[in-house]
Amino acid sequence: MQEIIYIRLRKKITIPKAKESVSFHHIASFIGNEEKIAPLKQMTIPISFPSKHITTFILDSFQLVEKIREYDESLFIQFIGPTEVLIEQEKNPKRPSIFILTGIWITLFVGAVMTIMNFHFDVNMQEVHTKIHYLLTGEKVKHPYMIQIPYAIGIGVGMMLFLNESFFPHKRKEPSPIDIEMFRYEQTRKSYLEKQEDEKKGDPTS
């Protein structure tokens, strides 16, 4: 009777630049006979990046099956979940340039200010604030600061709440819209790399 080993691949791992192989226990979780699994976890599979400029590598389940069958042909491998794992090289952390960060910050700040100002001009927000002030106080003024100042502060606070950021620490930080968009980007990027890998191998389903 064949011994069944269940394998669940991780979606993504990061390895050091100098590393040319990965251990099975780093890229997958195993369920089955512990006596059979223990040696499998210590096995390694070579990783070869096409060039120094390409820092990603797609490892699929077929490569793992081939390696496992070299060790023991009697094992029956059953994959659960993902059948490919994205392997990336670690990037050397670089200290960002203060001039570039300042330039980006100023550009974004000016762009946001111009967008808000143009929106307020289009909807005639000055007249709206003046009418609200008149309804609340019965006085007609040209610059209803009582309305405009809290409104301006509210825009900044509202953006902080929308992006889920504040100056106070959170016990449990919920994902912000930016976090969700980054997650979607990573998922789309992985799918694109997998499709490219399938095309290189001549997969007819790609």
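**Close-up 1. Helices H4 and H6 (145–162) each supply at least two residues of the lining of the largest pocket.** The model shown here is predicted. H4 gives the most to this lining, with six residues.

**Close-up 2. The largest pocket holds about 300 Å³ of space.** Its lining counts eight nonpolar residues. No polar and no charged residue takes part in the lining.

**Close-up 3. Trp105 and Phe109 form a stacked pair of rings.** A pair of aromatic rings is described by the distance of the centres and the angle of the planes. The model has one aromatic pair. The ring centres of Trp105 and Phe109 lie 5.3 Å apart, and their planes meet at 5 degrees, so the pair is stacked. Planes count as stacked when they are under 30 degrees apart. Both residues sit in helix H4 (residues 98–122). They are four residues apart there, which means that about one helical turn separates them.

**Close-up 4. Trp105 is exposed, and Phe109 is partly exposed.** Trp105 has 55% relative accessibility. The cut-off for exposed is over 50%, so Trp105 counts as exposed. Phe109 has 47% relative accessibility, and therefore counts as partly exposed.

**Close-up 5. Lys140 lies over the face of Tyr134.** The distance from Lys140 to the ring centre of Tyr134 is 5.5 Å.

Note on methods:
Residues are numbered from 1 along each chain as its sequence is written. This is a predicted model: local features need pLDDT of at least 70, side-chain atom pairs count only at pLDDT 80 or more; totals for chains, interfaces and linings use all residues. Side-chain values use heavy atoms; hydrogens and water are left out. Rings of Phe, Tyr and Trp (its six-membered ring) pair if their centres lie within 6.5 Å; planes under 30 degrees apart count as stacked, over 60 as edge-to-face and the rest as tilted. Buried means under 20% relative accessible area, exposed over 50%, partly exposed in between (1.4 Å probe, protein chains only). A charge sits over a ring if NZ of Lys or CZ of Arg is within 6 Å of the ring centre and within 35 degrees of the ring normal. On a 1 Å grid over the protein atoms alone, a cavity is a set of points where a 1.4 Å probe fits but cannot get out, and a pocket is an open set with protein on both sides within 12 Å along at least five of seven lines; lining residues have an atom within 4 Å of a point. Grid points are joined across faces, edges and corners, and a volume is the space filled by probe spheres set on the points. Ala, Val, Leu, Ile, Met, Phe, Trp, Tyr, Cys and Pro count as nonpolar, Asp, Glu, Lys and Arg as charged, and the others, Gly among them, as polar.
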